[in-house]
Amino acid sequence: MKYRKLGNTGLIVSEISFGTIPILSGNVPVLPHYYSPDEETAVEIMEYAYRLGCNLYDTAIVPEYGDAEIKLGKFAKKIGREHIIISDKSRFFEGNEMYQAVLESCENLGTYADIYFVHQVDEEKEEATFQKGGAIDALTELKAQGKIRFVGVASHYYSILWRGARDKRVDVLQGSGNILERGMLDRIEKEPCFLQKGLLLNKVYAAGILPSFFEISDLLSGVLSYPISSALIGIGTREQAEEAMKEEMEKYERPSFWEVMARLEKYFEPIPCDRCQKCRCIFGTEIHILFRQYNYYFLGKDYWALRKLDLGIRESAKKCEKCVEMTCLKQCPKSIKIPQMMQKIKNLVEIHVRNSRI
């Protein structure tokens with residue numbers, strides 16, 4: 001295992017870190033898959049990853065991640081709290097709620113969190129998070145009190161991470177990306193302000209999809225070629241830990257986006273969207289998310305992806321059809337024919353709905 005600096009925090013973290021979604025137990029329907037091991041087994045899996053060199057473990061508050069936070073606390077006590085770095089998070093954007101959430105997390109863990117993130121900040125929750133008295137202010141106060149060590153912002157949106165990178169209160173960022181959905185990583189690589197912050201990267205396997213099409217080593221090598229601190233991998237078994245962590249990489253190689261597309265084109269006709277998020281729709285449609293779900297449908301997440309696509313695609317496609325400004329076309333670096341793709345997605349959903357009624 002190799003190690004990297006976590007921005008300016010002074011922490012040194014393993015290049016591959018442990019995401020605790022797969023070891024949770026509990027009724028968490030928003031999560032696509034988890035193994036639900038008992039407490040003893042979960043602790044044993046985390047300890048195995050530790051023996052392979054992993055020192056960073058990422059979790060979230062109960063019940064968002066089921067009981068993963070509690071299991072992680074048991075592991076920390078067994079292995080010795082000083083030997084690992086704990087990254088925790090919760091989806092509260094108002095200051096008082098975030099403050100209480102951190103206290104609850106510390107109780108569940110039985111210890112402090114090294115990094116605590118405002119989780120899944122989007123543009124709707126942006127101002128509540130960053131404003132005076134918001135979640136970041138609460139985390140800053142908790143840091144001053146010694147209840148956490150560092151303040152974090154986690155988001156799937158480049159604009160949020162960019163704002164966090166320029167905010168002096170924020171120490172660490174957590175974003176998503178992989179060799180397919182690399183647009184945000186490409187933008188981060190070009191912005192010097194991100195180098196001052198630690199950056200944890202999730203969705204490296206794209207919700208578990210990409211290992212069916214690419215070698216694990218290629219997926220990890222590709223993202224580690226970017227200036228990130230650590231790649232967060234969901235681990236649910238000893239075998240998964242070994243697959244991700246056993247071999248130390250001598251060098252990092254990044255396939256081109258079009259090489260990735262060529263591999264996927266053997267199976268279907270993917271929309272060549274890397275989720276750079278530069279396409280801004282005047283009606284507020286999140287085009288990159290629709291394109292992701294379309295690709296995910298063909299990559300194996302058919303039911304899950306279609307269920308999400310069915311939420312408003314007809315209205316979005318109708319607005320797109322009538323739009324005369326077409327700013328998204330001007331903004332797209334890949335020159336994707338966005339209006340045609342929107343109609344294609346709508347047709348896919350309608351076929352699915354029609355077939356489900358037969």
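Burial is expressed here through relative accessible area, with buried meaning under 20%, exposed over 50% and partly exposed in between (1.4 Å probe, protein chains only). The structure is a predicted model, in which local features need pLDDT of at least 70 and side-chain atom pairs count only at pLDDT 80 or more, while totals for chains, interfaces and linings use all residues. Residues are numbered from 1 along each chain as its sequence is written, and side-chain values use heavy atoms, with hydrogens and water left out.

The cysteines were examined for disulfides, a disulfide being a pair of cysteine sulfur atoms within 2.5 Å. The structure holds zero disulfides. Cys193 is in no such pair, and the nearest cysteine sulfur, that of Cys276, is 17 Å away. Cys193 counts as buried, at 18% relative accessibility. For Cys323, the closest cysteine sulfur belongs to Cys328 at 6.5 Å, which is too far for a bond. Cys323 is likewise buried, with a relative accessible area of 15%.

Grid points are joined across faces, edges and corners, and a volume is the space filled by probe spheres set on the points. Helices (H or I, at least four residues) and strands (E, at least two) are DSSP runs, numbered from the N terminus. In the residue classes, Ala, Val, Leu, Ile, Met, Phe, Trp, Tyr, Cys and Pro count as nonpolar, Asp, Glu, Lys and Arg as charged, and the others, Gly among them, as polar.

By this rule, four cavities of 30 Å³ or more are found. The largest cavity has a volume of about 130 Å³. Its lining comprises 14 residues, of which Cys281, Phe283, Cys320, Cys323 and Cys328 lie nearest the centre. Two or more lining residues are given by each of helix 13 (313-322), helix 14 (327-331) and helix 15 (338-356), and the largest share, three residues, comes from helix 13. By class, the lining of the largest cavity has ten nonpolar, three polar and one charged residues. The second largest cavity has a volume of about 80 Å³. It is also lined by 14 residues, and those closest to its centre are Cys273, Cys276, Cys279, Cys332 and Ile336. Helix 11 (residues 287-299) provides the largest share of this lining, three residues.

Helix 8 (216-224) and helix 9 (238-245) are the elements that give two or more residues to the lining, with helix 8 giving the most, four residues. The lining of the second largest pocket divides into five nonpolar, two polar and six charged residues.

Buried residues in helix 2 include Ala68, Leu72, Phe75 and Ile79. The cover over the buried residues of helix 2 includes helix 1 (39-51), strand 4 (56-58), strand 5 (85-90) and helix 3 (95-109).

Ser90 lies in strand 5 and is buried at 0% relative accessibility. Leaving aside neighbours within four places in sequence, Ser90 is in contact with residues including Ile61, Met98, Tyr116 and Phe117. Gly152, in strand 7 (residues 148-154), is buried with a relative accessible area of 0%. Not counting residues up to four places away in sequence, Gly152 touches Ile115, Tyr116, Phe117, Val118, Leu139 and Val172.

Backbone geometry was also considered. The peptide bond from Val62 to Pro63 is cis, with omega near 5°, and Pro63 is found in the loop between strand 4 and helix 2. Lys203, although not a glycine, has a positive phi of about 60° and is partly exposed at 39% relative accessibility. Ser335, also not a glycine, has a positive phi of about 55°; Ser335 lies in the loop between helix 14 and helix 15 and is exposed, with a relative accessible area of 61%.

Methods:
Contact means heavy atoms within 4.5 Å. On a 1 Å grid over the protein atoms alone, a cavity is a set of points where a 1.4 Å probe fits but cannot get out, and a pocket is an open set with protein on both sides within 12 Å along at least five of seven lines; lining residues have an atom within 4 Å of a point.
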